[in-house]
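Please keep the sequence and the structure at hand while reading.

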Amino acid sequence: MQRIDAAPLGDEELQGLDAYWRAANYLSVGQIYLLANPLLKEPLRPEHIKPRLLGHWGTTPGLNLIYTHLNRVIRQRERELMYVIGPGHGGPAIVANSWLEGSWTATYPNTGQDLAGLTRLFRQFSFPGGIPSHVAPEVPGSINEGGELGYSLSHAYGAAFDNPRLVVACVVGDGEAETGPLATSWHSNKFLDPRRDGAVLPILHLNGYKIANPSVLARIGDEELTALLQGYGHEPYLVEGSEPEEVHQALAAAMDRCLDRIDEIQREARTTVADVARAAWPMIVLKTPKGWTGPHTVDGEQVEDTWRAHQVPLSGVRTNEDHLRQLEDWLRSYRPEELFEETGRPVSSVLALAPSADRRMGSSPHANGGLITRDLELPAIAEYAVPVKAPGAEDGEPTKVLGAFLRDVFTANQAHRNFRMVGPDETESNRLSAVYEVTAKAWNADRRDTDVNLATDGRVLEMLSEHTCQGWLEGYLLTGRHGLFSSYEAFVHIVDSMVNQHAKWLKTVNRLDWRRPIPSLNYLLTSHVWRQDHNGFSHQDPGFIDHVVNKKAEVVRVYLPPDTNTLLSTMDHCLRTKNYINVVVAGKQPQPNWLDWDAAALHCARGIGVWDFAGNDDGEPDVVMACAGDVPTLETMAAVDLLREHLPKLKIRVVNVVDLMRLQDATEHPHGLTDSDFDALFPPGTPVIFAYHGYPWLIHRLTYRRNNHQDLHVRGFIEEGTTTTPFDMVVRNNLDRYHLAMDVIDRVPSLGTHAISTRQWFTDQRTRHHAYVREHGEDLPEVRDWRWSR
């Protein structure tokens, strides 16, 4: 690991940077502790202290140091920088710097650079009615909260993609460096195009400890750490120390070298016609004491440079006189009288060190991506519709047709470079390969003659890490661009926790007027539970829907288009939306096309509706056959066909659901039906047999307040799976056409006992099926070759 032997700072600049750093540290400590007396104009008393002390001090002085030095390179180089902070619990640092540079006051005018604003700044931190302790959406300049660790580096790269003038400084903390998502995201540099993308400057901040343990990368030695980081494709520079003057000089020299190297790499790539070999991108390893400049010893035990500095070093300030004295000494050690005027305003020499308003990291439009979002240019979706001569007469491949539409989305937006697809090695598998006619997969590592669809400037991002794919896309969306995540349904669960964090972010920004809406996080889940018969039980799980539905109704949408045209209509809609998480579940295998384009567009606009062509109820059904999902729709239609053949007097209504949230009450979800509309579809007292794509209890949960809930009978996935045939999968879970038809006989009182022979025939068909698949290894011909012909 290289150390740069240089002292680029003159005395005046060194003193100025140190003063700015001290000011940020003072503001950070004040946020954690002070309720009043922000400039210590009188001796500190218990009533000046917050009753509940919350926050994280340990990482904060390092974050302040980095921010201070990034400001220096921004001013000197007129560079466009963003700051992504992995140790997001160091929130006091980013709030302090945002206030010092003026971004906080520009965003929240009532928190001005005066005594009243300073008091409000301190009081609001981790206080009821105030702001969280993390780098939350409320903090200007933030796109990564850091409450859950592991996502900073992938977010940073997502922000850098297609932003050629942007440098994203990304701080990776000790604990975060041990997480799986962070470990895989180091490989993001193999997907960065130095010609057309920006750059990421990783800063691995090793202060030695986590909450109560040493950190791994701080204890493996410089030689091993160097080998690790070089193996990831980086050129690491080491900055280490505990003497402020020495660290300031070393960090300034390292940042200068790294920015120079980034400029060299980009200049070479952008002035050379042919592809250039992938360079080792520079990074910084910063080793400073945890809780640096804070109390060294508390109650006889070392705190600074130990795990004890992680959160609040002095916890008994209101009741312990020694702690109160230590806090006052700590605050005064920053010499606030040199840093702030009597009015509370930072002195002019400190303010002069902040970048100009258009360069401040807290005011970066990239960190408020909705400010710079350009709506996608979308081709006329109707042009991709497949003709449907009669419902169910012919099969289609929904995702293959969608691939042609996405191909042309890439083409239409080529000039703006604001659309990406991500996925874990599955674009081809999910039948979206038409996109490769106009773009390739991003790849900036070695290539061989046998490789296909790889290019440095490819706009499809594939890496077999769902975490990294998710992080890339989130960073891309948060900085104002658009995208689609395509995944096998069962394994999208890997990013459950990341979805949690993004949903919480969206929920919060909906109440922040200054945060402009960003493009929605769109999922296409295919290779789903009912068509993973060949891969077996491990690949069969539809539970991501349940997970997403747990989130706030204002930000989640779930769609289950049953055929090609409804998938087209749904995806066209999703790509136009903002501030949502849209989950679209659609199969890639051949399946019936039910609706022509006009009918599909109307059906998707309604989200739920009666398929008149399938039923015969004349307004007064004996039973409602409902379905949501492509395979459940197929089985429902086959069951209706059987019932109409064997029980022609039975009046059946078929209701198909595309927008799952239409089932919920209108008071609980914006898409929910009113009770009267729900009752019109599902008349009270009428049995409803509901075939659902996922776990059946979700439908009960969504409809538990409905008048007809007691007559609702749901079939879905009940954790019965294996390697088998497609139809055997639905049989195992009682979602097959024969079982659905038997459910109707069991629950329609008017059928009485005269349908017993019909029910027995349905039962016998299931028995025949079991014997047939075990002998022949494929489904019954009458199942495999069935067509809707009514």
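## Charges over rings

In this predicted model, the charged end of Arg557 is placed over the ring of Tyr580, at 4.1 Å from the centre of that ring. A second case involves Arg420, which lies over the face of Phe161, 4.9 Å from the ring centre. Phe161 also belongs to an aromatic cluster, which it forms with Phe191, Trp443 and Trp472.

## Aromatic pairs

A search through the whole structure finds 27 aromatic pairs. One of them joins Tyr523 and Phe544, whose ring centres are 5.3 Å apart and whose planes stand at 70 degrees, and because an angle over 60 degrees counts as edge-to-face, the pair is given that description. Tyr523 lies in strand S14 (residues 521-526), whereas Phe544 lies in helix H16 (residues 544-549), so the pair ties together parts that are 21 residues apart in sequence. Both Tyr523 and Phe544 are buried.

## A pair between two loops

The rings of Trp530 and Phe717 have their centres 5.8 Å apart and their planes at 85 degrees, and therefore this pair, too, is edge-to-face. Trp530 is found in the loop between S14 and H16, while Phe717 is found in the loop between strand S22 (712-715) and helix H22 (726-732), so that the pair ties together parts that are 187 residues apart in sequence.

Terms used. Residues are numbered from 1 along each chain as its sequence is written. This is a predicted model: local features need pLDDT of at least 70, side-chain atom pairs count only at pLDDT 80 or more; totals for chains, interfaces and linings use all residues. Side-chain values use heavy atoms; hydrogens and water are left out. Rings of Phe, Tyr and Trp (its six-membered ring) pair if their centres lie within 6.5 Å; planes under 30 degrees apart count as stacked, over 60 as edge-to-face and the rest as tilted. Helices (H or I, at least four residues) and strands (E, at least two) are DSSP runs, numbered from the N terminus. Buried means under 20% relative accessible area, exposed over 50%, partly exposed in between (1.4 Å probe, protein chains only). A charge sits over a ring if NZ of Lys or CZ of Arg is within 6 Å of the ring centre and within 35 degrees of the ring normal.
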